[in-house]
Every structure is written in structure tokens, then in C-alpha cells.
Amino acid sequence: MFQYQAEKNPVLNTFFEVFGLRPDSKVNPDEIPLLPIRAFKEMPILCEGLKPELVFKSSGTSGMERSSHQIADPNIYKISIEKEFYRHFPANQYALICHLPGYRQNPDSSLIWMAQHLVNIDPDGLNTFLPDDPDEFYKWKERVQKKGKKILLFGAAFGLLDLAEDQQVEFPETTEILETGGMKTHHREMTKSELRDTLSEGFGIKPGQIHSEYGMCELLSQMYALSGEWFTTPHWVRVTIRNSDNPSKFCNPGEEGKIGIIDLANLHSCSFILTEDRGVMNEKGDFKVLGRWHPENLRGCNFLVDQEI
Amino acid sequence: MENFENHIERVSSAIEQWLQPDNYFLKEAIDRTVNEGMFSFPDVKHRILTLKETLRKENLERWARISGLRPGSLSGKQVLCLHAGNLPLVGIQDLLAVVLTGGTYLGKLSKKDPYLLPTLIRSFKNYQLMNDAYWSTNLEKLAGNKADAVLFAGSKKSVIKVNEKLHSLKIADPDTPRLMRTAHFSIAYIRDNKPETMEQLTDAVFRYGGAGCRSVAIVVAPFHLHSVKCTFTDYVEAFWLKNPQHQKPPESLFHRFAFNKAIGVEQAWLNVFLIEENVERPTDTFILYWMKGGLEEVENIIKKYRDGLQSVYATGDLIGEKMVDLIAEPLSEAQKPPIWWKPDGIDTIEWLQKQV
């Protein structure tokens with residue numbers, strides 16, 4: 001993968017070259033420099049000779065630059081979605097209902113594409129988006145129950161909170177929730193554990209029935225945290241926590257840093273990505289997402305005071 | 001109460017005594033500061049020489065007049081100064097404001113600059129100007145000393161932490177007036193690349209390793225970086241020969257250079273500093289942003305990054321011009337401001353007399 005992308009991807013070719021790496025360099029995966037994720041905001045990240053069949057764009061609020069991920073082979077995304085999603089939520093056990101109001105206005109959303117794909121491929125035809133009409137929802141719920149499947153409600157965190165608050169529809173207590181952590185529709189700040197408690201209370205389900213998904217338009221793979229906050233990766237993804245002052249260095253378990261990802265599903269774009277998300281890893285190699293990374297080494301009088309008080 | 005002239009005279013004499021070349025205590029403090037690697041000798045020397053110029057009696061009188069100083073106006077009042085340590089003696093203006101107003105000084109000195117300021121305090125004590133002063137590098141040691149006002153310079157992010165700490169240590173309560181200054185970078189607008197301009201720009205950017213809030217982080221010029229890159233780096237190298245960069249940047253700066261190269265950003269890599277033709281909100285110390293543009297671009301940047309911006313500098317006839325709500329200061333004074341300059345646009349003496 002390193003050789004292919006170092007040779008065919010002009011952005012990575014130049015990036016690696018600065019570190020003295022050429023496509024034919026023998027390199028350990030952990031020594032490969034990670035490209036800062038904002039590269040996807042700056043220019044097309046695609047291997048030479050390929051044309052994008054799909055372009056995913058991050059949502060971004062007004063005035064914010066949007067990331068753009070050009071996808072040369074959507075089949076890879078399909079396989080990646082199916083393999084990891086069904087590993088955790090087998091098709092014969094779960095009926096998926098997606099509630100992604102904040103994302104539906106973004107026609108280029110990779111999340112909507114993923115949800116739509118999961119709806120399209122369901123062999124029982126039960127996977128769906130949450131209908132506006134409560135009657136339709138109840139009819140759907142009945143079909144799911146007849147089929148003996150569990151409901152998996154998939155949505156962005158704050159859309160789910162609104163749903164719990166509205167109480168327009170009632171979910172059975174066996175429902176499981178898969179939240180994506182997106183805070184796109186509201187400015188309310190909440191920690192993951194507060195979110196889990198609120199969702200648990202709002203939907204009347206046990207905290208163990210709440211799971212999380214970690215994904216972004218720049219990645220063709222998703223990570224899942226089942227019944228908690230620790231994410232595991234598919235076998236083709238390697239997550240590490242990097243020292244923000246020196247992204248070539250790894251943080252020890254328990255130490256916070258930037259989340260670095262090697263995603264082999266990003267075959268034709270860039271597999272070696274340094275995110276701007278703050279994370280921490282445990283001894284098992286699972287990781288937790290703590291929020292966005294904020295610069296610490298501020299200019300001026302700031303940083304010394306920060307350290308001293 | 002002592003009259004205005006006598007008070008300034010006494011303050012001025014104390015400063016003069018402090019700056020005497022044979023002041024053993026100052027010499028020793030400089031040695032320790034340099035030997036312990038806190039600042040480089042050229043940085044400390046530059047700072048002391050600048051203060052020698054700016055703290056002359058007539059300048060103190062001018063500041064006193066501008067600010068409407070009433071000596072003794074803060075008599076019996078305790079003022080807590082939380083000093084930063086990003087450059088030598090960075091909090092000296094706050095200390096002087098307390099002494100000039102006759103307040104009682106409570107100082108949280110920076111662990112990065114713990115030796116220099118106490119030598120001036122010693123001098124003020126010799127002149128009976130700071131009899132009850134108390135200071136420490138450890139805020140905990142000031143616990144229970146109820147302040148009547150707080151002077152602070154630091155990041156917005158640390159303000160909440162600082163306030164909580166002051167409250168828990170019973171130094172300040174929510175009603176205690178506090179001057180929280182959070183600006184952390186400055187802008188320069190140049191219109192030519194004459195040697196004088198480039199030398200001034202080099203000093204404004206690289207003095208003290210670029211760590212001050214008055215240090216230039218964004219340059220707007222009528223030409224692209226690539227057209228002056230070689231000339232400018234010559235000035236920078238000449239500057240570093242006399243004033244070697246003391247603090248080294250984190251490795252992430254090299255990653256940034258690699259990233260810029262990959263996405264085609266024009267830049268100059270100086271090993272310990274990066275100049276790039278691109279403008280972002282300045283947060284890192286070791287990056288200078290360059291933008292081709294004129295007054296309109298300067299004003300747009302001021303509006304966009306007003307929160308956090310300390311000063312805007314210019315040369316020639318633009319000095320003194322209003323740019324948005326800021327008055328352009330001389331580029332040559334970026335690192336040697338007059339003693340009456342207003343951090344975050346606020347005169348410290350005036351503020352103390354109004355608020356306390």
C-alpha cells in the first residue's frame with residue numbers, strides 16, 4: 001500500500017519525500033508519516049490515472065472549508081461498510097432504522113451514503129430511514145417484531161437526543177442505539193458518558209444497549225464501540241495515538257494525543273492519516289475519542305501561564 | 001501624600017539604581033537566567049537595554065500624565081500580578097503600574113523567569129516604594145492574601161482555570177476586578193523591501209524567538225514570499241548570528257513543512273522557523289504567515305482575527321493611521337514599545353484607578 005500510494009499519489013509522494021522516503025523504501029508501517037487530514041480540504045487526494053466515481057464532502061458549517069474525498073472505487077466502501085457493520089450487527093438479528101436529520105441536507109455525505117447502502121442491501125427489506133409519519137413507524141415496528149429482529153436505531157448524537165425529547169414515536173426497550181457522535185445540528189456540548197446517560201434515560205434502555213460509530217468522510221472504514229466508549233478497529237485499520245508535538249512518536253496507553261489512522265480501505269486516496277481528533281488508547285489497543293484537538297502551544301504570554309497555574 | 005513629581009522621581013531613581021552596570025543582584029540574576037537556559041543572553045541584554053531607554057524619567061512622567069496617575073491612589077490596596085514568562089521581564093509594566101499607583105504588590109512570578117523581576121523589586125524596596133510586597137513562583141504560597149485587583153496576561157483558555165484557582169485559594173472572589181489580557185500575536189504591513197524595512201521586520205518577527213504578543217505572526221506585503229524569500233532569509237540568518245534562536249520548535253513543525261510542500265504552499269524552511277504564504281489564526285510560535293496584499297487585506301485580517309490580535313505595525317506615513325479600530329504603530333517599535341503602550345488596548349494605570 002505504501003509503495004502504491006507513494007508512487008501514484010502525487011501529494012503523498014512529495015510528503016514522504018520530505019521525510020526521505022521513496023516508493024521503494026523499505027519501511028515499517030509505524031514509521032510511515034501520517035498526512036494531516038486537512039489535506040482533504042486543500043486539494044484532490046487521488047492516485048494518478050483514476051477518476052472519482054463518487055465524491056464525499058464533510059458537512060461543515062457556513063464559512064468552514066469542507067473536506068472532499070474522491071472515491072475511485074465505491075465497491076471498496078461497500079465491502080468495508082458491510083464487513084465491519086455486520087460483524088457487530090448481523091443482518092439476521094437487527095433491523096436498522098436511520099435518523100440522520102442534520103446530514104440529509106448534505107447530498108455528498110458519506111454517512112448518508114453508508115446508511116442508504118445498508119438500507120438497500122438488507123435481504124429482508126426492513127432497514128429504513130425514520131419516517132416522518134408516526135403511523136408508518138409503528139407499521140414498520142410491527143413488521144420488525146414479526147420477523148423477530150431487534151431494532152438498531154442509528155443516528156447522530158443530537159438528532160437522537162431530539163428524538164428522545166420529542167417522544168413522537170416509542171421504541172421498544174430491546175432497541176439498541178448506534179450513535180455517530182456527530183454534533184452537527186446543535187451547539188450543546190456534552191461528554192460521551194453524559195450523552196450515553198441521556199440517551200439511556202430518554203429511550204428507556206440500558207446503557208449497555210448504546211453503541212458508538214467513529215467515521216468520517218476522509219475514511220472508507222468505520223470503527224465501532226460496543227456498549228461503551230472504547231473503539232475497536234476492523235483488521236485492515238490500524239489506529240495509533242500520536243504525540244501532537246511530534247506526530248512520528250506514539251503516545252503510551254492512557255496518554256492523550258492525536259488519533260492517527262492507517263486505513264487500507266482508502267486504497268486509491270490516502271491510507272495514512274493524522275486526524276485532528278483527540279484520543280487515548282488502553283493497554284488492549286482499543287481507543288477512545290475525546291473530542292477535537294485544540295492547540296496548546298499558543299503564542300504570546302499564553303503557554304507558560306497555562307502550564308504554571 | 002507624596003506629590004506627583006517626587007513620586008516619579010523616586011520611582012525613576014530606583015529604576016536607575018537597578019539598571020546600574022555594577023548592580024550585583026541584577027548581574028547575578030541575568031547569569032542564573034542564562035545559565036539555567038531560561039533565556040539567551042542576547043535576549044536578556046536586548047530587553048535590559050530597551051528598558052534602559054524606555055524607563056527614563058521623562059517617559060515615566062509621560063505615562064503618568066497620559067494615564068491620569070494619582071500617586072497613592074491605590075494606597076492600602078493589594079494588586080495581584082500574574083506574570084507570564086515567555087520573554088524576559090514581560091510583566092514589568094504591571095509591576096510599575098502597581099508601584100506608581102502606590103498599591104501593594106502581590107506577584108506570581110513565572111517559573112520561567114523567576115530571577116530578574118525580584119532584583120527590581122529589591123531596588124524599589126530600597127527606595128521604600130514596596131514595603132509590603134510579596135511574591136512567589138508558586139501561587140499556592142499567596143493563598144489567603146485577598147487581592148483588590150488582578151492583572152493577568154495569558155490565553156483565553158486559561159482564564160477559567162486561573163479564576164477557579166484564585167477563588168479556591170481565597171485570593172480573589174467573583175467580584176474582584178480583574179484585567180485579563182489575552183491577545184497573543186501582531187501583524188505587520190510593509191510596502192517595500194528596503195534594507196531598513198527588512199531589518200525592522202526581522203527584529204519584529206524573530207526577536208525573543210517570536211514568542212511575544214507583540215511579535216509579528218502575519219506579514220502583509222505587496223509582493224509574494226518567493227520574490228523576497230532569499231533576501232529575507234539573509235536578514236534572518238544575520239539576525240540569528242547575533243541572536244541565536246533559543247527555543248527550538250517541536251518536530252511537528254517539520255511535519256507542517258512536509259505537508260505544505262505536498263499541497264504546494266509557498267514556504268521558507270529555516271530549520272527552527274517556518275515562513276509560509278498562507279494565513280491562519282496564529283497559534284504556534286514558530287510560524288510566520290505571509291500574505292500578498294494591501295491595506296484592504298490588512299483590514300480583513302484584523303477583522304477576522306481581532307480576537308487575539310495585539311498590535312498592527314506599519315512603516316512611513318502609515319504609522320498612526322487607523323486600521324479598523326487599531327492605530328498602526330511603528331514597525332521599529334514592535335520589540336521596544338514605549339512604557340505607556342496599552343496591552344490589549346487598555347492602560348493598566350487608568351484601569352487600576354477606575355476599577356479599584
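How do α5(B) and α12(B) lie to each other: parallel or oblique? Keep that in mind while we look at the model, which is a predicted one.

Okay, chain B. Find helix α5, residues 92-101, and helix α12, residues 348-355. Their axes come within 9 Å, and they cross at roughly 50 degrees. Angles under 35 degrees would count as roughly parallel, and 65 to 115 as roughly perpendicular. So there's our answer: α5(B) and α12(B) are oblique to each other. And if you like handedness, α5(B) passes α12(B) in a right-handed crossing.

Who's touching whom here? From α5(B) we have B:Q93, B:D94, B:A97, B:L100 and B:T101. Facing them from α12(B) are B:T348, B:I349, B:L352 and B:Q353. Sort that contact by class and you get 4 nonpolar, 4 polar and 1 charged residues.

Now let's hop over to chain A and talk about domains. Chain A is divided into two: domain 1 covers 1-46 + 233-309, and domain 2 covers 73-229. Taken over C-alpha atoms, the centres of domain 1 and domain 2 of chain A are 28 Å apart.

How many residues of domain 1 of chain A are in contact with domain 2 of chain A? It's 15, and they meet 13 residues of domain 2. On the domain 1 side, the elements that give two or more residues are β11 (257-263) and β13 (287-292) of chain A. As for the make-up of that domain 1 side, I've got 10 nonpolar residues, 3 polar and 2 charged.

Terms used: Residues are numbered from 1 along each chain as its sequence is written. Chains are lettered from A and ligands numbered from 1 in the order in which they are written. This is a predicted model: local features need pLDDT of at least 70, side-chain atom pairs count only at pLDDT 80 or more; totals for chains, interfaces and linings use all residues. Domain bounds come from an automatic or database domain assignment. Two residues are in contact if their C-beta atoms, placed from the backbone, lie within 7 Å. Helices (H or I, at least four residues) and strands (E, at least two) are DSSP runs, numbered from the N terminus. Ala, Val, Leu, Ile, Met, Phe, Trp, Tyr, Cys and Pro count as nonpolar, Asp, Glu, Lys and Arg as charged, and the others, Gly among them, as polar. Axes are lines fitted to C-alpha atoms, for helices over the stretch in contact, and angles run from 0 to 180 degrees between N-to-C directions. Angles under 35 degrees count as roughly parallel, over 145 as roughly antiparallel, 65 to 115 as roughly perpendicular and the rest as oblique. A crossing is left-handed if the near helix is turned anticlockwise from the far one by less than a right angle, and right-handed if clockwise.
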